[in-house]
Amino acid sequence: MKKSEILRRLVERLARGEITEKTYLEIKARYENEPEEVPESPPEEARVAEETGRATEDASRAAEDASRAAEAFARSLERTIRAAIEPVIRNIPDIERKIRESVEPALRNIDFSEFGRTVQTTEGSVKIAGSGVVKGNPLRTQEFKTAGSGRVVGDLEARVAKVAGSCVFEGNVTVQEFKSAGSAKVNGTLRAHELHSAGSLSVGKGIEGHEVHLRGSLHVEGDVKAHEVHLAGAAKVSGMLEAHETRIELGGEVSIPVIKSREINVRRPGGFFRGACELVADRIEGEEVYLECTTANYVRGGEVSIGPHCRVGVVEALELRVHESAEVRERRPLSKRSREEHADHEEHAGHPEEDEPPAPPQPPEAPGAPPSPP
(Lines give C-alpha, C1' and ligand atoms only; values in the text may rest on other atoms or scores of the structure.)
Protein backbone atom coordinates (compact mmCIF):
# COMPACT_ATOMS: atom_id res chain seq x y z
CA MET A 1 0.00 0.00 0.00
CA LYS A 2 1.32 3.46 -0.81
CA LYS A 3 2.40 5.75 1.93
CA SER A 4 0.07 8.46 0.66
CA GLU A 5 -2.88 6.07 0.93
CA ILE A 6 -2.00 5.21 4.54
CA LEU A 7 -1.68 8.87 5.44
CA ARG A 8 -5.02 9.61 3.74
CA ARG A 9 -6.73 6.90 5.81
CA LEU A 10 -5.14 8.29 8.96
CA VAL A 11 -6.58 11.74 8.14
CA GLU A 12 -10.03 10.21 7.63
CA ARG A 13 -9.85 8.40 10.99
CA LEU A 14 -8.78 11.63 12.65
CA ALA A 15 -11.71 13.46 11.07
CA ARG A 16 -14.16 10.79 12.26
CA GLY A 17 -12.78 10.97 15.78
CA GLU A 18 -11.54 7.38 15.80
CA ILE A 19 -8.04 8.46 16.80
CA THR A 20 -6.71 11.46 18.64
CA GLU A 21 -4.51 14.11 17.12
CA LYS A 22 -1.60 12.87 19.24
CA THR A 23 -1.97 9.32 17.90
CA TYR A 24 -2.25 10.66 14.36
CA LEU A 25 0.96 12.66 14.66
CA GLU A 26 2.89 9.72 16.14
CA ILE A 27 1.84 7.31 13.38
CA LYS A 28 2.41 9.93 10.69
CA ALA A 29 5.95 10.56 11.99
CA ARG A 30 6.79 6.86 11.68
CA TYR A 31 5.61 6.73 8.06
CA GLU A 32 7.35 9.95 7.03
CA ASN A 33 10.71 8.10 6.72
CA GLU A 34 9.27 5.00 5.04
CA PRO A 35 9.52 4.46 1.23
CA GLU A 36 6.57 5.36 -0.94
CA GLU A 37 5.50 1.72 -1.35
CA VAL A 38 4.62 0.15 1.98
CA PRO A 39 3.48 -3.46 2.05
CA GLU A 40 0.05 -4.03 3.50
CA SER A 41 0.50 -5.38 6.95
CA PRO A 42 -2.42 -6.55 9.01
CA PRO A 43 -0.28 -6.24 12.13
CA GLU A 44 0.14 -2.52 11.38
CA GLU A 45 -3.64 -2.09 11.19
CA ALA A 46 -3.97 -4.01 14.43
CA ARG A 47 -1.32 -1.76 15.99
CA VAL A 48 -3.26 1.34 14.96
CA ALA A 49 -6.42 -0.11 16.50
CA GLU A 50 -4.49 -0.98 19.67
CA GLU A 51 -3.08 2.53 19.94
CA THR A 52 -6.56 3.97 19.41
CA GLY A 53 -7.90 1.76 22.21
CA ARG A 54 -5.14 2.85 24.56
CA ALA A 55 -5.88 6.49 23.81
CA THR A 56 -9.56 5.96 24.60
CA GLU A 57 -8.70 4.24 27.90
CA ASP A 58 -6.36 7.10 28.82
CA ALA A 59 -9.14 9.63 28.21
CA SER A 60 -11.58 7.59 30.32
CA ARG A 61 -9.09 7.35 33.20
CA ALA A 62 -8.48 11.11 33.00
CA ALA A 63 -12.25 11.78 33.25
CA GLU A 64 -12.54 9.49 36.29
CA ASP A 65 -9.60 11.22 37.97
CA ALA A 66 -11.23 14.63 37.37
CA SER A 67 -14.53 13.40 38.84
CA ARG A 68 -12.80 12.06 41.97
CA ALA A 69 -10.93 15.35 42.37
CA ALA A 70 -14.18 17.34 42.12
CA GLU A 71 -15.85 15.15 44.77
CA ALA A 72 -12.87 15.54 47.09
CA PHE A 73 -12.96 19.35 46.63
CA ALA A 74 -16.70 19.44 47.37
CA ARG A 75 -16.21 17.44 50.60
CA SER A 76 -13.36 19.71 51.64
CA LEU A 77 -15.45 22.84 50.93
CA GLU A 78 -18.37 21.44 52.94
CA ARG A 79 -16.11 20.73 55.94
CA THR A 80 -14.68 24.26 55.76
CA ILE A 81 -18.14 25.87 55.69
CA ARG A 82 -19.40 23.73 58.57
CA ALA A 83 -16.34 24.60 60.66
CA ALA A 84 -16.96 28.31 60.02
CA ILE A 85 -20.69 28.45 60.85
CA GLU A 86 -20.96 25.98 63.75
CA PRO A 87 -19.76 28.53 66.38
CA VAL A 88 -22.37 31.01 65.11
CA ILE A 89 -25.13 28.40 65.22
CA ARG A 90 -24.22 27.44 68.80
CA ASN A 91 -24.42 31.11 69.87
CA ILE A 92 -27.83 31.88 68.33
CA PRO A 93 -29.77 31.32 71.63
CA ASP A 94 -27.43 33.76 73.43
CA ILE A 95 -27.85 36.30 70.63
CA GLU A 96 -31.64 36.11 70.89
CA ARG A 97 -31.54 36.42 74.69
CA LYS A 98 -29.28 39.50 74.62
CA ILE A 99 -31.41 41.23 71.99
CA ARG A 100 -34.59 40.49 73.92
CA GLU A 101 -33.09 41.97 77.12
CA SER A 102 -31.89 45.13 75.35
CA VAL A 103 -35.09 45.95 73.42
CA GLU A 104 -37.77 44.15 75.43
CA PRO A 105 -40.17 47.19 75.53
CA ALA A 106 -40.26 47.34 71.72
CA LEU A 107 -40.52 43.59 71.27
CA ARG A 108 -43.07 42.74 73.95
CA ASN A 109 -45.66 41.87 71.25
CA ILE A 110 -43.20 40.02 68.98
CA ASP A 111 -41.97 36.49 69.56
CA PHE A 112 -39.25 35.30 67.21
CA SER A 113 -39.30 31.55 66.71
CA GLU A 114 -36.27 31.79 64.46
CA PHE A 115 -33.60 34.41 64.79
CA GLY A 116 -30.33 34.97 63.05
CA ARG A 117 -29.36 36.72 59.87
CA THR A 118 -32.70 35.76 58.27
CA VAL A 119 -34.82 37.99 60.56
CA GLN A 120 -33.77 41.59 61.17
CA THR A 121 -35.46 44.30 63.22
CA THR A 122 -34.71 47.98 63.31
CA GLU A 123 -36.72 50.92 64.59
CA GLY A 124 -40.14 50.57 62.96
CA SER A 125 -39.07 47.79 60.57
CA VAL A 126 -39.20 43.99 60.41
CA LYS A 127 -37.39 42.22 57.58
CA ILE A 128 -37.07 38.56 56.65
CA ALA A 129 -34.28 37.63 54.26
CA GLY A 130 -34.11 34.02 53.15
CA SER A 131 -36.37 32.03 55.48
CA GLY A 132 -37.88 33.15 58.76
CA VAL A 133 -40.91 33.19 61.05
CA VAL A 134 -42.19 36.02 63.27
CA LYS A 135 -45.03 36.04 65.78
CA GLY A 136 -47.20 38.91 66.94
CA ASN A 137 -50.44 39.45 68.83
CA PRO A 138 -50.62 41.57 66.77
CA LEU A 139 -47.30 42.33 65.06
CA ARG A 140 -47.19 46.14 64.75
CA THR A 141 -44.52 47.91 62.75
CA GLN A 142 -44.09 50.69 60.24
CA GLU A 143 -42.59 48.50 57.54
CA PHE A 144 -42.67 44.76 56.97
CA LYS A 145 -40.54 43.18 54.22
CA THR A 146 -39.82 39.60 53.29
CA ALA A 147 -37.57 38.31 50.51
CA GLY A 148 -37.48 34.54 50.16
CA SER A 149 -39.79 32.43 52.33
CA GLY A 150 -41.52 34.07 55.29
CA ARG A 151 -44.37 33.42 57.70
CA VAL A 152 -46.22 35.68 60.12
CA VAL A 153 -48.02 34.00 63.01
CA GLY A 154 -50.85 36.27 64.16
CA ASP A 155 -52.18 39.55 62.78
CA LEU A 156 -50.05 42.15 61.02
CA GLU A 157 -50.63 45.91 61.34
CA ALA A 158 -48.23 48.10 59.38
CA ARG A 159 -47.95 51.06 57.08
CA VAL A 160 -46.23 49.10 54.30
CA ALA A 161 -45.97 45.36 53.66
CA LYS A 162 -43.84 44.05 50.78
CA VAL A 163 -43.45 40.41 49.75
CA ALA A 164 -40.84 39.14 47.28
CA GLY A 165 -40.91 35.36 46.95
CA SER A 166 -43.47 33.69 49.20
CA CYS A 167 -45.07 34.57 52.50
CA VAL A 168 -47.93 33.19 54.60
CA PHE A 169 -49.87 35.50 56.93
CA GLU A 170 -51.77 33.30 59.37
CA GLY A 171 -54.03 36.11 60.63
CA ASN A 172 -55.44 39.40 59.33
CA VAL A 173 -53.36 41.99 57.47
CA THR A 174 -54.17 45.70 57.90
CA VAL A 175 -51.85 48.06 56.01
CA GLN A 176 -51.81 51.26 53.99
CA GLU A 177 -49.86 49.65 51.14
CA PHE A 178 -49.49 45.97 50.28
CA LYS A 179 -47.17 44.84 47.46
CA SER A 180 -46.52 41.25 46.49
CA ALA A 181 -44.36 39.75 43.74
CA GLY A 182 -44.48 35.97 43.87
CA SER A 183 -46.82 34.09 46.19
CA ALA A 184 -48.73 35.58 49.13
CA LYS A 185 -51.35 33.88 51.30
CA VAL A 186 -53.48 35.66 53.90
CA ASN A 187 -55.60 33.32 55.99
CA GLY A 188 -57.67 36.18 57.42
CA THR A 189 -58.91 39.47 55.93
CA LEU A 190 -56.63 41.67 53.83
CA ARG A 191 -57.28 45.40 54.31
CA ALA A 192 -55.12 47.78 52.29
CA HIS A 193 -55.58 51.27 50.91
CA GLU A 194 -53.39 50.26 47.95
CA LEU A 195 -52.98 46.63 46.97
CA HIS A 196 -50.64 45.53 44.19
CA SER A 197 -50.06 41.84 43.52
CA ALA A 198 -48.13 40.20 40.68
CA GLY A 199 -48.13 36.42 40.85
CA SER A 200 -50.37 34.42 43.17
CA LEU A 201 -52.54 35.88 45.93
CA SER A 202 -54.81 33.82 48.19
CA VAL A 203 -57.06 35.43 50.83
CA GLY A 204 -59.16 33.46 53.28
CA LYS A 205 -61.73 36.03 54.47
CA GLY A 206 -62.07 38.79 51.89
CA ILE A 207 -60.34 41.93 50.61
CA GLU A 208 -61.13 45.52 51.58
CA GLY A 209 -59.28 48.41 49.96
CA HIS A 210 -59.34 51.55 47.86
CA GLU A 211 -57.15 50.63 44.87
CA VAL A 212 -56.79 46.92 44.13
CA HIS A 213 -54.50 45.92 41.25
CA LEU A 214 -54.01 42.19 40.72
CA ARG A 215 -52.04 40.52 37.94
CA GLY A 216 -51.69 36.76 37.82
CA SER A 217 -53.79 34.44 39.98
CA LEU A 218 -56.32 35.40 42.68
CA HIS A 219 -58.28 33.19 45.08
CA VAL A 220 -60.59 34.79 47.64
CA GLU A 221 -62.91 33.05 50.08
CA GLY A 222 -65.22 35.99 50.73
CA ASP A 223 -66.01 39.41 49.25
CA VAL A 224 -63.84 41.95 47.46
CA LYS A 225 -64.79 45.56 48.27
CA ALA A 226 -62.87 48.52 46.91
CA HIS A 227 -63.20 51.79 45.01
CA GLU A 228 -61.18 50.53 42.02
CA VAL A 229 -60.48 46.91 41.07
CA HIS A 230 -58.19 45.99 38.19
CA LEU A 231 -57.74 42.28 37.61
CA ALA A 232 -55.56 40.77 34.88
CA GLY A 233 -55.28 36.99 34.79
CA ALA A 234 -57.34 34.25 36.42
CA ALA A 235 -59.43 34.49 39.57
CA LYS A 236 -61.89 32.70 41.79
CA VAL A 237 -63.95 34.75 44.26
CA SER A 238 -66.51 32.95 46.37
CA GLY A 239 -68.41 36.11 47.39
CA MET A 240 -69.31 39.45 45.83
CA LEU A 241 -67.08 41.93 44.01
CA GLU A 242 -68.31 45.43 44.86
CA ALA A 243 -66.53 48.53 43.54
CA HIS A 244 -66.94 51.89 41.85
CA GLU A 245 -64.81 50.88 38.84
CA THR A 246 -64.06 47.32 37.78
CA ARG A 247 -61.73 46.31 34.97
CA ILE A 248 -61.03 42.67 34.18
CA GLU A 249 -58.51 41.52 31.58
CA LEU A 250 -59.19 37.85 31.10
CA GLY A 251 -56.07 35.69 31.28
CA GLY A 252 -57.81 32.44 32.13
CA GLU A 253 -61.02 31.47 33.90
CA VAL A 254 -62.48 34.12 36.20
CA SER A 255 -65.31 33.02 38.49
CA ILE A 256 -67.18 35.70 40.50
CA PRO A 257 -70.79 35.00 41.50
CA VAL A 258 -71.90 38.64 41.85
CA ILE A 259 -70.34 41.82 40.44
CA LYS A 260 -71.77 45.23 41.43
CA SER A 261 -69.94 48.29 40.14
CA ARG A 262 -70.77 51.61 38.53
CA GLU A 263 -68.36 50.90 35.66
CA ILE A 264 -67.68 47.33 34.54
CA ASN A 265 -65.29 46.55 31.70
CA VAL A 266 -64.44 42.93 30.88
CA ARG A 267 -62.18 42.24 27.92
CA ARG A 268 -60.26 39.31 26.51
CA PRO A 269 -56.57 39.73 25.57
CA GLY A 270 -55.65 40.47 21.99
CA GLY A 271 -53.51 38.36 19.72
CA PHE A 272 -53.90 34.95 18.14
CA PHE A 273 -52.36 32.90 21.01
CA ARG A 274 -54.58 34.19 23.80
CA GLY A 275 -55.71 30.78 25.09
CA ALA A 276 -58.97 29.94 26.80
CA CYS A 277 -60.45 32.78 28.85
CA GLU A 278 -63.91 33.38 30.28
CA LEU A 279 -65.75 35.25 33.03
CA VAL A 280 -68.42 33.16 34.75
CA ALA A 281 -70.91 35.06 36.93
CA ASP A 282 -74.44 34.67 38.18
CA ARG A 283 -75.34 38.37 38.40
CA ILE A 284 -73.68 41.51 36.97
CA GLU A 285 -75.03 44.99 37.79
CA GLY A 286 -73.59 48.36 36.79
CA GLU A 287 -74.27 51.75 35.26
CA GLU A 288 -71.91 51.26 32.30
CA VAL A 289 -71.30 47.63 31.41
CA TYR A 290 -69.12 46.20 28.65
CA LEU A 291 -68.60 42.44 28.49
CA GLU A 292 -66.56 40.03 26.38
CA CYS A 293 -66.22 36.25 26.76
CA THR A 294 -68.74 36.27 29.62
CA THR A 295 -71.28 33.70 30.73
CA ALA A 296 -73.90 35.17 33.09
CA ASN A 297 -77.46 34.45 34.14
CA TYR A 298 -78.47 38.09 34.67
CA VAL A 299 -77.04 41.44 33.53
CA ARG A 300 -78.52 44.82 34.46
CA GLY A 301 -77.38 48.35 33.70
CA GLY A 302 -77.99 51.69 32.05
CA GLU A 303 -75.67 51.37 29.06
CA VAL A 304 -74.94 47.71 28.42
CA SER A 305 -72.78 46.25 25.65
CA ILE A 306 -72.78 42.48 25.26
CA GLY A 307 -69.61 41.90 23.27
CA PRO A 308 -68.12 38.94 21.42
CA HIS A 309 -68.45 35.37 22.71
CA CYS A 310 -70.93 36.15 25.50
CA ARG A 311 -73.80 33.98 26.69
CA VAL A 312 -76.36 35.77 28.86
CA GLY A 313 -79.72 34.61 30.18
CA VAL A 314 -81.55 37.89 30.90
CA VAL A 315 -80.45 41.46 30.18
CA GLU A 316 -82.21 44.52 31.58
CA ALA A 317 -80.87 47.75 30.10
CA LEU A 318 -81.89 51.25 29.10
CA GLU A 319 -79.49 51.14 26.16
CA LEU A 320 -78.42 47.74 24.87
CA ARG A 321 -75.96 46.66 22.18
CA VAL A 322 -75.40 42.99 21.41
CA HIS A 323 -72.56 41.63 19.26
CA GLU A 324 -73.51 39.27 16.47
CA SER A 325 -71.53 36.42 18.05
CA ALA A 326 -73.21 36.85 21.47
CA GLU A 327 -76.23 34.93 22.74
CA VAL A 328 -78.92 36.65 24.82
CA ARG A 329 -81.95 34.58 25.76
CA GLU A 330 -84.19 37.41 27.00
CA ARG A 331 -84.02 41.22 26.70
CA ARG A 332 -85.97 43.52 29.00
CA PRO A 333 -86.17 47.33 28.82
CA LEU A 334 -85.09 49.30 31.87
CA SER A 335 -87.03 52.49 32.62
CA LYS A 336 -85.24 55.72 33.49
CA ARG A 337 -86.79 55.65 36.96
CA SER A 338 -85.48 52.14 37.58
CA ARG A 339 -82.09 53.26 36.30
CA GLU A 340 -81.99 56.22 38.74
CA GLU A 341 -83.04 53.99 41.64
CA HIS A 342 -80.40 51.46 40.63
CA ALA A 343 -77.68 54.14 40.43
CA ASP A 344 -78.70 55.60 43.82
CA HIS A 345 -78.56 52.15 45.39
CA GLU A 346 -75.06 51.59 43.99
CA GLU A 347 -73.89 54.97 45.25
CA HIS A 348 -74.83 54.07 48.82
CA ALA A 349 -73.96 50.38 48.70
CA GLY A 350 -70.62 50.74 46.94
CA HIS A 351 -67.46 52.67 47.78
CA PRO A 352 -67.65 56.31 46.69
CA GLU A 353 -64.46 57.89 45.47
CA GLU A 354 -63.92 60.00 48.54
CA ASP A 355 -64.29 57.06 50.93
CA GLU A 356 -61.07 55.48 52.12
CA PRO A 357 -60.46 52.60 54.52
CA PRO A 358 -59.38 53.68 58.00
CA ALA A 359 -55.67 53.94 58.55
CA PRO A 360 -54.15 51.02 60.46
CA PRO A 361 -53.15 51.59 64.07
CA GLN A 362 -49.78 53.27 64.31
CA PRO A 363 -47.07 51.18 65.96
CA PRO A 364 -45.79 52.39 69.32
CA GLU A 365 -42.67 54.44 69.63
CA ALA A 366 -39.68 52.13 69.49
CA PRO A 367 -36.31 52.66 71.20
CA GLY A 368 -33.05 52.66 69.34
CA ALA A 369 -32.22 49.97 66.85
CA PRO A 370 -31.29 46.62 68.37
CA PRO A 371 -27.80 45.27 67.74
CA SER A 372 -27.41 43.19 64.61
CA PRO A 373 -26.72 39.49 65.19
CA PRO A 374 -23.11 38.44 64.51
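**Loops, cores and strands**

Visitor: Where is C293 found?
Guide: C293 is in the loop between strand 13 (278–291) and strand 14 (294–306). Keep in mind that this is a predicted model.

Visitor: What is the phi of C293?
Guide: Phi is positive there, about 45°. C293 is not a glycine, though.

Visitor: Is C293 buried or exposed?
Guide: Buried means under 20% relative accessible area. C293 has 8%, so C293 is buried.

Visitor: Which loop holds H309?
Guide: The one between strand 14 and strand 15 (311–322). Phi of H309 is positive too, near 60°, and H309 is not a glycine.

Visitor: How accessible is H309?
Guide: Its relative accessibility is 45%.

Visitor: New topic. Which residues does the cis peptide bond join?
Guide: N137 and P138. Omega is about -5° there. P138 is in the loop between strand 3 (125–136) and strand 4 (139–153).

Visitor: Now the inside. How many residues are in the largest nonpolar core?
Guide: It has 59. The ones touching the most other members are F144, F169, F178, I207 and I284. Strand 5 (residues 156–169) gives the largest share of this core, 6 residues.

Visitor: Last topic, strand 10. How many of its residues are buried?
Guide: 8 of the 10 residues in strand 10 (residues 228–237) are buried, and the strand is mostly covered.

Visitor: How many bridges join strand 8 to strand 10?
Guide: 10 bridges, with strand 8 (residues 207–220) and strand 10 running parallel. R215 stands opposite A232 in strand 10.

Visitor: And over how many bridges do strand 10 and strand 11 pair?
Guide: 8 bridges, in the parallel sense. Strand 11 covers residues 240–255. L231 has I248 in strand 11 as its bridge partner.

How values were computed. Residues are numbered from 1 along each chain as its sequence is written. This is a predicted model: local features need pLDDT of at least 70, side-chain atom pairs count only at pLDDT 80 or more; totals for chains, interfaces and linings use all residues. Side-chain values use heavy atoms; hydrogens and water are left out. Helices (H or I, at least four residues) and strands (E, at least two) are DSSP runs, numbered from the N terminus. Buried means under 20% relative accessible area, exposed over 50%, partly exposed in between (1.4 Å probe, protein chains only). A nonpolar core is a set of buried Ala, Val, Leu, Ile, Met, Phe, Trp, Tyr and Cys residues joined through side-chain atoms within 4.5 Å. Two strands pair if DSSP finds at least two bridges between them.
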